[in-house]
Amino acid sequence: EYFASYGFISMVIGPNDEINDSHGERALGLLDAIQTIVEENLRTESPLNDLIDTTRFVVAGHSMGGGASQIALTLESNHNNHIKGAIALNPTILIEDCDVCFDYEYCICLVPEFLEHEIPILVIAGQNELNELPDYSGLLGQDIYYNTPETTTKILYEVEQGGHSSAELPVGYVGNKTLEWLEYLLKENESYCDSLLISPENASQYLTTLQCGGSFSYDLNED
């Protein structure tokens, strides 16, 4: 409803099995949602018939959905060229691969090769999430940012003293930054690029590889 109130066509989905669906299965669900929107644009009786730009999508989610949005960017689909970005809110990510993660419990780990893609990402994470989710060490939003290629446009907005629900609702600074991201990616409004380089007042850390014109910025905290 928040994004729709600003003129963006939005679709909210839930997992088929909230308890057992993996991050990967949820990622497939996000791609299915895009297909549903594409078909709605083609359906004659649809109130959105022929009104949707089916070449520009952003996938987003909170917690497991946030991690799923990152995995969706790495999957082969008919929509690869149409996904222009992702928003991961307090994401967790679990990828099981016993060939790569054989030294880890349950063969779960996060390494750069799992997140090789060129699609821009905005990650919003809480500074203190690890205190709430100690079993997710190495598998949270900050880790997603660091394991995404430096050649990919990416932003990490870490909410000062924030926990796992610090970005659950897109309001305040979080809401403003996600809207700037959508304006920049979906409407190709370059005027929002400089705004995306500005660290919110409640950020304990704000990192980016985003380039605006001839400028380049990585660590906006100058650490």
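Predicted model: local features only at pLDDT ≥ 70, side-chain atom pairs only at ≥ 80, totals over all residues.
Start with the fold. The protein chain has 6 helices and 5 strands. Along the sequence they run α-β-α-β-β-α-α-β-α-α-β. The radius of gyration is 17 Å, close to the 17 Å that the globule rule gives for 223 residues, so the chain is as compact as a globular protein of that length. Along the principal axes, the C-alpha atoms fill a box of roughly 50 × 40 × 30 Å.

Next, contacts. Take those between residues at least 6 apart in sequence: 65% of them join residues at least 24 apart.

Now the surface. The chain exposes about 11600 Å². Carbon and sulfur atoms supply 47% of that area. On charge, there are 7 positive and 37 negative. Their mean positions lie 10 Å apart.

On to helix α1, residues 23-42. Does its span match its length, or depart from it? At 1.5 Å a residue, its 20 residues should span 28 Å. The end C-alpha atoms are 30 Å apart, which agrees.

Which residues of α1 are buried? H23 is one of them, and so are R26 and A27. Then come G29, L30 and L31. A33, I34, I37, V38 and N41 complete the set.

And what covers those buried residues? The cover includes two strands, β1 (57-62) and β2 (83-89). It also includes a helix, α2 (64-72).

Definitions and conventions: Residues numbered from 1 in each chain as written. Heavy atoms only, no water. Helix = DSSP H or I, 4+ residues; strand = E, 2+ residues; numbered from the N terminus. Expected span 1.5 Å × (residues − 1). Buried < 20%, exposed > 50% of the residue type's maximum accessible area, 1.4 Å probe, protein only. Contact = heavy atoms within 4.5 Å. Rg over C-alpha atoms; globule rule 2.2 N^0.38 Å. Areas by Shrake-Rupley, 256 points an atom, 1.4 Å probe, with all protein chains shown as cover. Lys, Arg positive; Asp, Glu negative; His and termini not counted. Charge placed at Lys NZ, Arg CZ, Asp CG, Glu CD.
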